[in-house]
Structures are given as structure tokens and as C-alpha cells.
Amino acid sequence: MDTIQDPEIFRQEWFRRFVPADRRELARAVCFPKGDRPAGGSGDPLWHAFGWRYIACLEGPAARAAFRRQLGRARERGKTLLVYRERERAVCLWTPEEAAPEGEPPAFGPDVYIADTALHWTYATGDGEKMGPYFARSI
């Protein structure tokens, strides 16, 4: 798969890759309440699919540990990762060498999704300490 850099395509592809088909209708109502193509600040964050349990995932410390393992693999292989900043509706490429030594990403803030460029896995931050982080593999 080519690298996804269009924010709306990223949202749609992320949703398709991580939300099981039998839960998509319910999850779509949570993540895309105003239709399939939210604009600007409309729509809820994709990570709500984790909070509503539509996606099987790891949470909190277990999610951070899984992310650190993937980050280590990406560093070893010289891979670039995708970062989607939902509040800005922006997708960028990120080099794992920019992470802190303990494997945490830089302070991207809330509503951020990090994934390998093929969307095999994702790490998502929620909005506040009680929401996330989350880690999931594609279905």
C-alpha cells in the first residue's frame, strides 16, 4: 500500500482496517456522526471506537508496551511511521528516532494515531489520562 497522506483517506482506511465488519455500522455512528466525510472539527475522534469497545485492543500500560515493541522494530528496520493528528486533520510521516529513549512518542497531544505505513497496527492517544492510550492490530 502506498503511504496514506490525505487525512480523510487515512480516517476511512484506518476505520476499515481496525473496526470489525460486524461492528462498523454502530462504530460509524460514533466516529462519523455527520456522515462518512466529516469536515473540520465535526465528527468524533476515531479512538471512540476503542472506548465503545468496537475494536479489540490493549489499553494503558499494556498499549504503551506494545507500542514500544513496534517502535523498536521500526527503528531497527529504518521504517517511517504515519502520524495522524485528528484535531488538525493532518497526516505526516514520523521517524522513530525522534522518540524518547523509553519509547514514548514526542508530545503529539491528544487525539493522535501512530501506525506503520501499511496500517498493520495502530497506537492511539485519547483525550486525557482516563482515555487510552490504545493499541490494536488490523483485522
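Is Glu 59 buried, partly exposed or exposed, and what is its relative accessibility? In this predicted model, Glu 59 counts as partly exposed, with 35% relative accessibility, and it forms a salt bridge with Arg 53 in which the closest N and O atoms are 2.5 Å apart.

A search of the whole structure finds eight salt bridges, and the table gives some of these pairs.

| Pair | Closest N and O atoms |
|---|---|
| Arg 53 and Glu 59 | 2.5 Å |
| Glu 88 and Arg 85 | 3.3 Å |
| Asp 111 and Arg 87 | 2.8 Å |

Asp 111 lies in the loop between strand 3 (90-94) and strand 4 (112-116), whereas Arg 87 lies in the loop between strand 2 (81-85) and strand 3, so the pair ties together parts that are 24 residues apart in sequence. Asp 111 counts as buried, at 5% relative accessibility, while Glu 88 is partly exposed at 49% and Arg 85 is partly exposed at 27%. Glu 8, Arg 11, Glu 86 and Arg 89 are linked in a network of salt bridges.

Thr 122, found in strand 5 (residues 121-124), is buried, with a relative accessible area of 0%. Its side chain makes a polar contact of 3.0 Å with the side chain of Trp 14, and, leaving aside residues up to four places away in sequence, Thr 122 touches residues including Phe 18, Phe 50, Tyr 113 and Phe 135.

The second largest pocket holds about 200 Å³ of space, and its lining divides into three nonpolar, four polar and five charged residues. Helix 4 (residues 60-77) contributes the largest share of that lining, four residues; among the lining residues are Gln 70, Arg 73, Asp 116, His 120 and Arg 137.

Conventions. Residues are numbered from 1 along each chain as its sequence is written. This is a predicted model: local features need pLDDT of at least 70, side-chain atom pairs count only at pLDDT 80 or more; totals for chains, interfaces and linings use all residues. Side-chain values use heavy atoms; hydrogens and water are left out. Helices (H or I, at least four residues) and strands (E, at least two) are DSSP runs, numbered from the N terminus. Buried means under 20% relative accessible area, exposed over 50%, partly exposed in between (1.4 Å probe, protein chains only). A polar contact is a pair of N or O atoms within 3.5 Å; within protein, one must be able to donate a hydrogen and the other to accept it, and residues adjacent in sequence count only if both atoms are side-chain atoms. Contact means heavy atoms within 4.5 Å. On a 1 Å grid over the protein atoms alone, a cavity is a set of points where a 1.4 Å probe fits but cannot get out, and a pocket is an open set with protein on both sides within 12 Å along at least five of seven lines; lining residues have an atom within 4 Å of a point. Grid points are joined across faces, edges and corners, and a volume is the space filled by probe spheres set on the points. Ala, Val, Leu, Ile, Met, Phe, Trp, Tyr, Cys and Pro count as nonpolar, Asp, Glu, Lys and Arg as charged, and the others, Gly among them, as polar. A salt bridge is a side-chain nitrogen of Lys or Arg within 4 Å of a carboxyl oxygen of Asp or Glu.
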